[in-house]
Amino acid sequence: MADDCDIHDEMEALVLGRRLAAIRAEVQAQPNAAALAVGEPVDCEDCDNQIEPARLEVHPAATCCVRCQSLREKTAAGRRAPVGLSYFGRQSVIS
Ligand SMILES: [Zn+2]
């Protein structure tokens, strides 16, 4: 049978587990928080160049530089609406 100490330990573990989950969620939401807090540069995950400090001021969770973000958006836009294809996927006829 669980005594008061066991119950206390279980409650403490539960509280610590919840705190850990909250910290993990915060780190995932703000992956650059630790680097920004100590003033370290943050590298772009695509090209390894430093992400511009001005970009990080505006978008602290940015994981890539402006150039790579632009390329990502162009590539994503290209996938959603390929040139020459209509909304229904048929080849458009332009003459
Ligand atoms: Zn980059």
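Q: What makes α1 a hardly covered helix?
A: A residue is buried if 20 or more other C-beta atoms lie within 10 Å of its own, exposed if 12 or fewer, and partly exposed in between, with C-beta atoms placed from the backbone. Among the 26 residues of α1, the count that are buried is zero, so the helix is called hardly covered. This is a predicted model, in which local features need pLDDT of at least 70, side-chain atom pairs count only at pLDDT 80 or more, and totals for chains, interfaces and linings use all residues. Residues are numbered from 1 along each chain as its sequence is written.

Q: How do you know which elements the protein chain contains?
A: Helices (H or I, at least four residues) and strands (E, at least two) are DSSP runs, numbered from the N terminus. The protein chain has four helices and zero strands, and its pattern along the sequence is α-α-α-α.

Q: How does the reach of helix α1 compare with what is expected?
A: The expected span is 1.5 Å times one less than the number of residues. Helix α1 (residues 4-29) reaches 37 Å from its first C-alpha to its last, close to the expected 38 Å.

Q: Why is Val27 called exposed?
A: Val27 has 12 other C-beta atoms within 10 Å, and therefore counts as exposed. Val27 is found in helix α1, and its C-alpha atom is 9.7 Å from that of Ala61, 34 residues apart along the chain.

Q: Is Asp48 buried or exposed, and why?
A: Asp48 has 9 C-beta neighbours inside 10 Å, so it counts as exposed. Asp48 sits in the loop between α2 and α3. Most residues other than glycine have a negative phi. Asp48 is not a glycine, yet its phi is positive, at about 70 degrees.

Q: What is the confidence in the protein chain, and where is it lowest?
A: The predictor's confidence in each residue is pLDDT, from 0 to 100. The mean for the protein chain is 81, and 81% of its residues reach 70 or more. Confidence is lowest in helix α2 (residues 33-37), at a mean of 80, and highest in helix α3 (residues 53-58), at 90.
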